Protein chains: 4
Amino acid sequence: LTRASPHRPHGLWLIGARGSISTCVAYGLAGLNEGLLEPLGMCTERPPFERLGLVPLDQFVLGGHDVCLRDLSSSAVELVHHGILGSELIAAGAGFAAAYEARIRPGILDEPEVGLADLDPRSRSLGSLAPREQIEALRSDILSFKSEHDLERVVVVNLASTEAYRAESKAWSSLAELDGALERGEGLPASVLYAYAAISGGCPYVNFTPSRGAGIAALRELALARGVPHCGNDGKTGETLVKTVLAPLFTARALRVLSWQGYNMLGNRDGAVLADASHRETKVRNKNEALRELLGDPAVHTHVGIDYVPSLQDWKTAWDFIHFEGFLGAKMSLQFTWTGSDSALAAPLVLDLARLAAFAAKKGEAGEMLHTAAFFKAPIGGGTHDFHSQFRALVAYAEQHLGTPRTRN
Amino acid sequence: LTRASPHRPHGLWLIGARGSISTCVAYGLAGLNEGLLEPLGMCTERPPFERLGLVPLDQFVLGGHDVCLRDLSSSAVELVHHGILGSELIAAGAGFAAAYEARIRPGILDEPEVGLADLDPRSRSLGSLAPREQIEALRSDILSFKSEHDLERVVVVNLASTEAYRAESKAWSSLAELDGALERGEGLPASVLYAYAAISGGCPYVNFTPSRGAGIAALRELALARGVPHCGNDGKTGETLVKTVLAPLFTARALRVLSWQGYNMLGNRDGAVLADASHRETKVRNKNEALRELLGDPAVHTHVGIDYVPSLQDWKTAWDFIHFEGFLGAKMSLQFTWTGSDSALAAPLVLDLARLAAFAAKKGEAGEMLHTAAFFKAPIGGGTHDFHSQFRALVAYAEQHLGTPRTRN
Amino acid sequence: LTRASPHRPHGLWLIGARGSISTCVAYGLAGLNEGLLEPLGMCTERPPFERLGLVPLDQFVLGGHDVCLRDLSSSAVELVHHGILGSELIAAGAGFAAAYEARIRPGILDEPEVGLADLDPRSRSLGSLAPREQIEALRSDILSFKSEHDLERVVVVNLASTEAYRAESKAWSSLAELDGALERGEGLPASVLYAYAAISGGCPYVNFTPSRGAGIAALRELALARGVPHCGNDGKTGETLVKTVLAPLFTARALRVLSWQGYNMLGNRDGAVLADASHRETKVRNKNEALRELLGDPAVHTHVGIDYVPSLQDWKTAWDFIHFEGFLGAKMSLQFTWTGSDSALAAPLVLDLARLAAFAAKKGEAGEMLHTAAFFKAPIGGGTHDFHSQFRALVAYAEQHLGTPRTRN
Amino acid sequence: LTRASPHRPHGLWLIGARGSISTCVAYGLAGLNEGLLEPLGMCTERPPFERLGLVPLDQFVLGGHDVCLRDLSSSAVELVHHGILGSELIAAGAGFAAAYEARIRPGILDEPEVGLADLDPRSRSLGSLAPREQIEALRSDILSFKSEHDLERVVVVNLASTEAYRAESKAWSSLAELDGALERGEGLPASVLYAYAAISGGCPYVNFTPSRGAGIAALRELALARGVPHCGNDGKTGETLVKTVLAPLFTARALRVLSWQGYNMLGNRDGAVLADASHRETKVRNKNEALRELLGDPAVHTHVGIDYVPSLQDWKTAWDFIHFEGFLGAKMSLQFTWTGSDSALAAPLVLDLARLAAFAAKKGEAGEMLHTAAFFKAPIGGGTHDFHSQFRALVAYAEQHLGTPRTRN
């Protein structure tokens, strides 16, 4: 671990602070800092990124927003039962987690929010404020955290459950329009309010969810105006990751994909939320879009299913069936089954992105962090979905900062 | 299809001329030229390669060597029964195939050859000649074919069954050593004799098999001396192709592969030959080597099984199980099943390589065709096994010849 | 083949006479009678059934109803392209198929029928008749076929596409109610009219589809009254077959099934019809019902998906994921992929059932053929869905008729 | 749990007492008795077996033999890390496990034993005794355990690692021959000595391993002479269980199995021992034998692979590919992946068998317990491998004892 560099502490502010991913981030950071864990799943601990002088992992102070009252340790116990967190981590991370827990503040609810059992009443109260006031409350939480802990910078990461899909709105098309809507007290997705709060507060922002967040034109404008780097949307952790590695193979080999059927099953809170069709829509769109681009065939037959299977808990299991045609019209197939812990896959990416966002801010880079496309199902800046191409762009970014010549291929 | 350019006919000389792949090449070419087939599986019919001015597909004249007497049409009927060739192709390609059949000459046997039922007695006779004389007989066949059909150039492609594994030999280490061994009449792998014949005859040479062929130091020296381009070894058609696309994903994401088990089942003549352990060894080595390099872990637990399952005929079915570890020590898995016709996957690559080899020769390029690594399990010129990197190198080669700037990423 | 017994010809009247299954039945029968095929997939050619003296396969005369104009040979050519029928069968069966084709009569449309491109205009005309008149037209077709060919008996088998789901209706609850509805000219599912025609005409009836057919109380009453044996519903050919073999394993071993997710993909006309949710409903119900009964847990989490994937044509591919819990709370899984030609699986069952239905009629057995439960997803007579138990009942039926003592276990 | 019946305590003596399965038996029993676990995986807690009045689970006292020094709690900690035992069970079962640990005595080594790191030196010493003396030492351990704890009966279960394969020997062919060999001090498999000790001591004996044990003719004779019931060999826990459920399906449906390839991967100590070909042979034979019988085709192409994949630990993962032919010669496939904890699957069967063996002894039944075939890959008494038939025989046995009429089917 790169602990030597003379960094002041940085804040990592997690929206959805008591969810599975945040819990993995918290106990994982504790475990890494105690030397109990290896930094698997994190590319920033490897060449060439390790030489960038990123924020050392032991210099992160955690805080966040959540709308639920369930405490962090009960999330942790659940993850132990699911075989994701080891019980020794719970013991070792207890102090770190308790300190984090004490810094979690009530978040805001998305309007068409799925009814949650253990909702924080303070979140309900926040909901009665005008949107502009909600933004101010959120920003104030983050900036208090920053000054209280004397942090050099706070990176805000949205890890909350997927919001219901909203069609593009004129109110999102420019900062002026958005500010007008706020003046008029018009409803906005919670993810937009969070992103507004973070960016207007000068905090680099990472949208790990499929929700709108900073991806709308108005906030992209705000980020440039405020000189704040940001990235998103929708962390590419599992089935889509494999898809965006495999699809370019078919294109390169000139094999025609006839059908690509993907069936996802998951049993965590994310799965429960996605069981609702309006919440599922954005995710399915992101997963499908990548395929159409990579296969270069807008008419290719694809299907993305997402089913809630409670017994699987955090263990996402996906089956993809790819039917393709080769020379002589021969029909062939590739099928794969992916079995992974969604939270354990996401958490290290959150740490990677927090470090990269802090780095970009330090270097004065503003707006979309185009080099982070490899982390997302729907990169804000667009571009290819080909994972290997995206990852090369990330390496190239690092090498440019390091002043090293780009490695061949 | 690029038929317009002012090319004179080219020869495509196939070693293993009556085997499944050769049969697919012959009927496939006929079908393409009749407009019955699309050029699926061939990258050279797509951008940017289609602009290189490669040999038009209708300018290839086929000939070859084989040690078996089974005639081409019985191979073809078998492939119809296996669901690989359509019966309409048999009708449409009958004339083309008969002309090809008439140009097939008896080949030479590899010393420890698996006993074959339908062996050509002329191949047995050739075996009684000294190695040097065998080379001369083979070269004479190829050069007669060239002059008889007034061919601009003949590309020789080895598609014969895998030879038994031979350890490196001092006799292969330089051209002088090899010529000495030939003087002394020492036994050499058939693939080496074929390659010697082709290269000494000035013919670009493609080794699509795992056999030694032109990969030995002596013949690489000869190719440079004669100004002949060549490439190999071991066509990357199926399971290994998928492996070399997936493995870089784990490396990029810093996920630790704990075990990679690969089980291959195939039922064609290639499978029957590989049922013999000595013949299987080279193939298993090639398949394993790629993984170790790509995962950057020489100690990773891998296994490659190849089983002969006659009922599968040409339909290679492989199951891979990848066990990996992520953040928090979470153990996850990816498993895939590949079902593909080996011959229908290989044949278009043969056409691609023949065109690229002819192009390299025309451009005066000699020695290993480093840009063709994407086609092989064990590229003679070495380098990464990462398919996407290899394919980018191929695109870069084309763009360099086209004078276009390399596309970003 | 049992050709020796002194049987007079029997009729086999297929509803959906030009569909894939019927085409396989026709060419398959021809191939069996020509000695080109083995009777794979048919249990009635094996012990103990082969000793029952069933109708010899060469004593079946085919006829049927269809609403489409597409001719049988174009169905056959399609099946050749899909790799299901061999082209040698097309040649050998041409005469047999042409004779069959000549005996196909226009069928009736189900009211909410999916718009079909190649609809027979005579079927449209039939639709304008009152239901009672439609029944009479259908019955007259069947009885004319019987007398014209001097057939001992005609077995009617419904192989038409799945109808839209209809809830239970009071009009179906007794024969009197049904006849009242017919008097009043009320609409009824086509499958009910077909079944009424067959049974009232004294013809044994097999409902291989999930449609209502003879399964409604009114027609079960009619069958008993007329002394006609019948069976159904919904042939158990693939994924459900495997399910009803595997599920009892979990029960016997006291392993708790947590979730059973089944994803079916198919690309034939049946798949196109099932792409419509109302048509899919019956099928999904049948598939789910079996699991709930076999696992003895009405609350078990199950899912049955059916997706239309045109490129698969007749090759049904299904993936099932079974998540279960064992001793110590350990969570385990079994997943399977089934790849089978639906038509080639169904056709031999149609022949088995036709023979068993003719046998039951000869023996004077009326009403539900309880011993045929092994053939159906939703056996009309109810009982366990456990395939092995169902099959034992079938064997016991045969042994009872043969007068042999039942074999132990 | 059936705790009410007036049973005196029974002994359960485990050979391989510190192995994974024994550890699961011990902590599992503790967890069941503490009400922390449900009796999943055990059929004897369900109808009709629960009414037989079997030994209540809280009346079992554990003891055993082992050749390793590794203590039980370290086995348990390993199983916690592998996600098989919950950490709460470790706490709850600590007292029970410690008492068991104190009753474990040094076992004997099999001659060609795989070199084990943590061998008990007392086991080495036992090895220097004559076979007859070894038997006496083992029997004395068991009988001391019985009297010390005032046990009504002791059931001995062999759970040790698989021994190397030994061909049939004349010395095993009758009790007289075996006693002669013992007189002469000839070497015998350890499993035979254990079985001799148990049976001659009047203890019902269960051979859960593929080793010879009580399956040799001499010991079957001894068991009858001593009036002792016994059963074996080779617990049917996973892939073979699924095989013996699926194979009868193909037979019943008259589908011809062309090839059945099974690939097993496991990473526990059992896997390490099976990595050695001589130890693997018996297991592979048992797995293959079942298929040949069930498919009724001695020439069917089958393959059983067993690979040691350490990272999988106790999580056995198996992939089977079944290639089959149906009507019209259509080739289809079924493939399945089984992922299960071998120890958690085996442990409840051990409890079931211990109870059934004690019951048989109480009822005065001697010799092979034919009704237990469902539990074994190679039932000593032979008979069909069809799991559902075997299980019906078990149910019939119970019903006979209960005096209830056999349920239909």
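Which residues in H8(B) meet which residues in H9(B)? In this predicted model, B:Val192, B:Ala195, B:Tyr196, B:Ile199 and B:Ser200 of H8(B) come into contact with B:Leu219, B:Leu222, B:Ala223 and B:Arg226 of H9(B). Sorted by class, this contact comprises seven nonpolar residues, one polar and one charged. Helix H8 covers residues 190–200 of chain B and helix H9 residues 217–226; the two pack at an angle of about 10°, and their axes lie 10 Å apart. Since angles under 35 degrees count as roughly parallel, H8(B) and H9(B) are therefore roughly parallel to each other.

We can turn next to the sheets. In chain A, seven strands make up an open sheet with parallel pairing, in the order S3-S2-S1-S4-S5-S6-S11. Its edges are held by strand S3 (104–106) and strand S11 (367–368) of chain A; each has a single partner strand, so one side of each is left without a neighbour in the sheet.

Beyond its neighbours within four places in sequence, A:Leu62 is in contact with A:Leu12, A:Val25, A:Ala26, A:Leu29, A:Phe96, A:Tyr100, A:Arg103 and A:Phe145. By contrast, A:His323 lies 261 residues from A:Leu62 in sequence and 46 Å from it in space, C-alpha to C-alpha.

A second open sheet draws on two chains. Its eight strands follow the order S8(A)-S7(A)-S9(A)-S10(A)-S10(B)-S9(B)-S7(B)-S8(B), and the pairing is mixed. Strand S8 (301–308) of chain A and strand S8 (301–308) of chain B stand at the edges; each has a single partner strand, so one side of each is left without a neighbour in the sheet. On average, neighbouring strands of this sheet are turned by 10° against each other, direction ignored. Within chain B, strand S9 (residues 315–325) and strand S10 (residues 331–341) run antiparallel and are joined by 11 bridges. One bridge partner pair there is B:Ala318 with B:Trp338 in S10(B). Helix H10 (residues 239–252) of chain B packs on the sheet and touches strands from both chains: strand S10 (331–341) of chain A, and strand S7 (256–266), S8, S9 and S10 of chain B. The direction of H10(B) makes about 170° with that of S7(B). In chain A, helix H12 (residues 277–295) lies across strand S7 (256–266), S8 and strand S9 (315–325), running at about 150° to S8(A).

Finally, the copies can be compared. Chain A superposes on chain C by a rotation of 180° with 0.1 Å of shift along its axis (RMSD 0.0 Å). These two copies are thus related as by a two-fold rotation axis. Of the interface residues of chain A, 100% are also interface residues in chain C, so the copies meet through the same surface. For chain D, a rotation of 180° with 0.0 Å of shift gives the superposition on chain C (RMSD 0.0 Å). D:Phe336 is the residue of chain D that comes closest to the rotation axis, at 2.0 Å (C-alpha).

Notes. Residues are numbered from 1 along each chain as its sequence is written. Chains are lettered from A and ligands numbered from 1 in the order in which they are written. This is a predicted model: local features need pLDDT of at least 70, side-chain atom pairs count only at pLDDT 80 or more; totals for chains, interfaces and linings use all residues. Side-chain values use heavy atoms; hydrogens and water are left out. Two strands pair if DSSP finds at least two bridges between them. Helices (H or I, at least four residues) and strands (E, at least two) are DSSP runs, numbered from the N terminus. Copies are superposed by least squares on the C-alpha atoms of residues with pLDDT of at least 70 in both. Contact means heavy atoms within 4.5 Å. Axes are lines fitted to C-alpha atoms, for helices over the stretch in contact, and angles run from 0 to 180 degrees between N-to-C directions. Angles under 35 degrees count as roughly parallel, over 145 as roughly antiparallel, 65 to 115 as roughly perpendicular and the rest as oblique. Ala, Val, Leu, Ile, Met, Phe, Trp, Tyr, Cys and Pro count as nonpolar, Asp, Glu, Lys and Arg as charged, and the others, Gly among them, as polar.
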